[in-house]
Amino acid sequence: MDFNKYFSSKKIYTIISELAAELECEVYVVGGFVRDLILEKDKKEVDFLIVGDGINFAQKLADKLNIKTLSVYKNFGTAHFNYNNFDYEFVGARKESYKKESRNPEVEAGSFQEDIERRDFTINTLAVSLNANSFGKLIDTFDGVNDIINKVIKTPLDPIITFNDDPLRIMRAFRFASQLEFEVDNSILLAAEQLAERLKIISQERITDEFLKILSSPRPSIGLKLLYYSKVMDVVFPEVASLGGVEQRQDHHHKDVFLHTCQVVDNISQNTDDVWLRFAALVHDIAKPATKKFVEGTGWTFHGHEELGARMMKHIFNRMRMPLNKLEYIEKLIRLHLRPIALVDDDVTDSAIRRFVVTADEDLNDLITLCRADITSKNPNKVAKYLDNYNRVMNRVIEVQEKDKLRAFQSPVKGDEIMSICNLTPSKKVGEIKSAIEEAILEGEIGNNYEEAYQYLLKIKDKFLNT
Ligand code: CTP
């Protein structure tokens, strides 16, 4: 990578370099932007390290570029603006340390070296000088380039120090490993296990944000397994941690639900980038430990795990500060994840298929994507057979849908009309009559059309009005 060529080709870096000379301070591009340039990944956020007053530097630069909206975070000594769709962040060099029981860093001015060594990972310690006498020169104090080449996450200092400074970095280590498909150095695993409890001083939102970034990575199992084997999962997501382990009784053992789950999440990630569908894959068997039972003559059973799993979600969403508008979707996918397999038999009725379509509604395709990902057999014949089962169910669904156009199902006779025909004011009874019409359609007693629904209403209305 020719940094000189790259940074001289963009005018803003020349302006920054000139401003540094004017203000007699040093300025460097640091961190993720340099890392991603080497990895040839696009990044729209650039971090600048100023040896001196970072906020003052940003203010002077904003004036020069005629930028009106500069955000300044005095407590953190940082400033930020957006320019031509790039985010530019400025920070004065500092020694940073977290107080033992506090979330807020203590910030003190420091040298270039002190700042760089207090950063999280060697791959993020890379800096490119924008100073006139060394413009475009890469400064690689901790062998970060080598670690990029060798695909390994290491800390510049002893990881105990690095993680003590900011425990969120435990999550970040696993997140970068998962995003970049890198290994983490063994010392990180040991320090992560030792300091996992320190994550409790970090806000839940930031932990969840990292967790969801792991789930959004190409192969989330990398990060999930790091969390699990370092026991950090016990702290950040205990319900997932307790999926692990295998129990044997007589000749029966069940599969390790955590490892199965990892595979389901990896499988689904090949078919969707939607982090919430991936999350559904992560939690679809979440209640297996709680429902596990050994039945003589049968083996291990997990009856009702889909219902209990759905019910566990509200508490988990609240604790993890996850967006509550996704709760119902996740509950639904967990609750229904065994339904399609029950519809495979040839003698399943149209009405059973209809009920399924109506219940799954707009999430039908996501549910089937989850079911397909849930096939983790190593035997290719079995995989082919199970996939074919779902194809058959979906063919039945299409058949019935075409018959009934059921996807956006609702009684063809609407509430207003029921009220005027039955002479009712808005009340529970109107809903009951409407449901009865819908039931009759689902059961196949009448067709899904206005005329039949209307006639049916006339037929049943007295029964409802007389009770
Ligand atoms: N950093 C750190 N410790 C943290 C967060 C950030 O040392 N807990 C440093 C790293 O040098 C990092 C830089 O600050 O490169 C910028 O942080 P951030 O924007 O969060 O990360 P990036 O490395 O830019 O990567 P990404 O944007 O992909 O998260």
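1. A polar side-chain atom of Arg175 sits 3.0 Å from an oxygen atom of the ligand, which meets the limit for a polar contact (a pair of N or O atoms within 3.5 Å; within protein, one must be able to donate a hydrogen and the other to accept it, and residues adjacent in sequence count only if both atoms are side-chain atoms). On its own the ligand exposes 550 Å², and the protein buries 79% of that (accessible areas by the Shrake-Rupley method with a 1.4 Å probe; for residues, only the protein chains shown count as cover).

2. The model is predicted: local features need pLDDT of at least 70, side-chain atom pairs count only at pLDDT 80 or more, and totals for chains, interfaces and linings use all residues. Residues are numbered from 1 along each chain as its sequence is written, and side-chain values use heavy atoms, with hydrogens and water left out.

3. Arg35 places a polar side-chain atom 2.9 Å from a ligand oxygen atom. For Lys43, an N or O atom of the side chain is 2.6 Å from an oxygen atom of the ligand.

4. The ligand is surrounded by 14 residues, the closest being Arg35, Lys43, Asp120, Asp166 and Arg169 (a residue is near if one of its heavy atoms lies within 4 Å). By type the shell has ten charged residues, three polar and one nonpolar (charged: Asp, Glu, Lys and Arg; nonpolar: Ala, Val, Leu, Ile, Met, Phe, Trp, Tyr, Cys and Pro; polar: the others, Gly among them).

5. α8 (168-180), α3 (32-38) and β2 (45-51) each supply at least two shell residues; the largest share, four residues, comes from α8. Helices (H or I, at least four residues) and strands (E, at least two) are DSSP runs numbered from the N terminus.

6. The ligand lies between domain 1 (3-147) and domain 2 (151-236), because both give residues to its shell. Domain bounds come from an automatic or database domain assignment.

7. In domain 1, 22 residues are in contact with 26 residues of domain 2 (heavy atoms within 4.5 Å). The centres of domain 1 and domain 2, over C-alpha atoms, are 24 Å apart.
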